[in-house]
Amino acid sequence: MRTVKEISDLTGISVRTLHYYDEIGLLAPTEKSDAGYRLYDDKALETLQQILFFREFDIPLKEIKAVIENPALDKNQILLMQRKMLTMKKERMERLIASIDNILKGEKKMDFEVFSKTELEGMADDMIANMNEAQKTTLIEKFGSVGEWRKEFLKKASSEEAQRSFEIVVGWYGSKEKTLEAMKEDREPGNSELFTAYQKRFKAVLEKTAAKKGCDVNSFEVKELIGEYDFLSKQMYRMDDVTKMMLEYAKACREKPEIAKMLDDVYGEGMAEFFGRALEAFYRRG
């Protein structure tokens, strides 16, 4: 057994933080001494290590608690989850370094044609390769064959409207290379289940945000929810900073009727306007 002080010295976590983790039920001591001092065994130390891994990604303590307490997740599943998150972070850092290197080399900005014909063909081929049979059947029913769908995709993706949309997305990611890599990762087998999981979490955050309609968008409770939305967006889109994308979405929520209707229909009248203001308040801080 180790005391709070010993755990603090071993991990670098303050005694006060360990006391707080106990108070919120995130990391309870294994037992207490006759004098009332907190004591921790090796299993508790392992749990603390898992908590610290998640904190590296600024995940809210409530979410960490939910993951650790989830009976469907065993120790190896949590470690695999953390390993994937660390790998993604490492890859993002490598992409950022490569982007800075390109700037230092004085590489020119992209031309209007954001993605070339060859790159678009690669996108189409990747999507086809990762489609399941049900998805292929749907395309065949609508276009006659997968090949015809591919032609239609390339035609639309080559249009000026599509290229301008690509230009916006590239601006979010910071470079064409990072955008292509993120898009390719999204199409990898198994990522559809991950996407579904993210969608459920987004929906939960939006439902909680809708319940705060009428509150001050600068209040802690509203900003905490938008902070959670920010974290999910960074993870899902594999971006280090989603400020530009979120501010554009905020504007769309308040100015585009189709977006407003979609949000209001699902989350109640006034949700689009409120959510747009909440996003602006969060991302225009400072």
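Mentor: Happy to. Buried means under 20% relative accessible area, exposed means over 50%, and partly exposed is in between, with a 1.4 Å probe and protein chains only.
Trainee: And what kind of model is this?
Mentor: It is a predicted model, in which local features need pLDDT of at least 70 and side-chain atom pairs count only at pLDDT 80 or more, while totals for chains, interfaces and linings use all residues. Residues are numbered from 1 along each chain as its sequence is written, and side-chain values use heavy atoms, leaving out hydrogens and water.

Trainee: Which residues have the most contacts inside the largest nonpolar core?
Mentor: Those are Leu18, Leu27, Ile226, Leu263 and Phe275, in a core of 47 residues. Helix H15, residues 271–283, gives the most to this core, with nine residues. Helices here are DSSP runs of H or I with at least four residues, strands are E runs of at least two, and both are numbered from the N terminus.
Trainee: Where is the other core?
Mentor: Apart from the largest one lies another core of 15 residues, including Met123, Ala124, Phe153 and Ala162. In soluble globular proteins, nonpolar side chains tend to be buried together.

Trainee: What does Leu18 touch, leaving aside neighbours within four places in sequence?
Mentor: Leu18 is in contact with Val4, Ile7, Ser8, Ile13, Leu27, Tyr40 and Leu48. Contact means heavy atoms within 4.5 Å.

Trainee: Let's jump to H14. Which of its residues are buried?
Mentor: In H14, residues 257–267, the buried ones are Ile259, Ala260, Leu263, Asp264 and Tyr267. They cover an arc of only 120° around the axis, so they sit on the same side of H14. That arc is taken from the directions from the helix axis to the C-beta atoms.
Trainee: And which residues are exposed on the other side of H14?
Mentor: Pro257, Glu258, Lys261, Asp265 and Val266 are exposed there. After H14 comes Gly268, with a positive phi near 105°.

Trainee: What about Glu280?
Mentor: Glu280 is also a buried residue, with 17% relative accessible area, and its place is in H15. Setting aside neighbours within four places, Glu280 contacts Leu247, Ala250, Lys251 and Arg254.
Trainee: And Glu224, how does that count?
Mentor: Glu224 has 39% relative accessibility, so it counts as partly exposed. Glu224 is in H12, and its C-alpha is 9.7 Å from that of Thr209, 15 residues apart in sequence.

Trainee: Where does Lys213 lie?
Mentor: Lys213 is in the loop between helix H11 (191–210) and H12. Lys213 is partly exposed, at 31% relative accessible area. Not counting residues up to four places away, Lys213 touches Tyr267, Gly268, Glu269, Gly270, Met271 and Phe274. From Lys213 to Gly270 is 57 residues in sequence and 7.8 Å between C-alpha atoms.
Trainee: What about Ala211?
Mentor: Ala211 is in the loop between H11 and H12 and is exposed, with a relative accessible area of 63%.

Trainee: How many disulfides are there?
Mentor: A search of the whole structure finds zero, where a disulfide is a pair of cysteine sulfur atoms within 2.5 Å. Cys253 is buried, at 2% relative accessible area, whereas Cys215 is partly exposed, at 25%.

Trainee: Last topic: what does the pLDDT average?
Mentor: The chain averages 80, and 80% of the residues score at least 70. pLDDT is the predictor's confidence in each residue, from 0 to 100. Over residues 108–112 the pLDDT stays under 50, with five contacts beyond four places in sequence in the model. Residues 187–191 are also below 50, with nine contacts beyond near neighbours in sequence.
Trainee: Why be careful there?
Mentor: Where pLDDT is low, the predicted coordinates should not be read in detail.

How values were computed
Core = buried A, V, L, I, M, F, W, Y, C linked by side-chain atoms within 4.5 Å.
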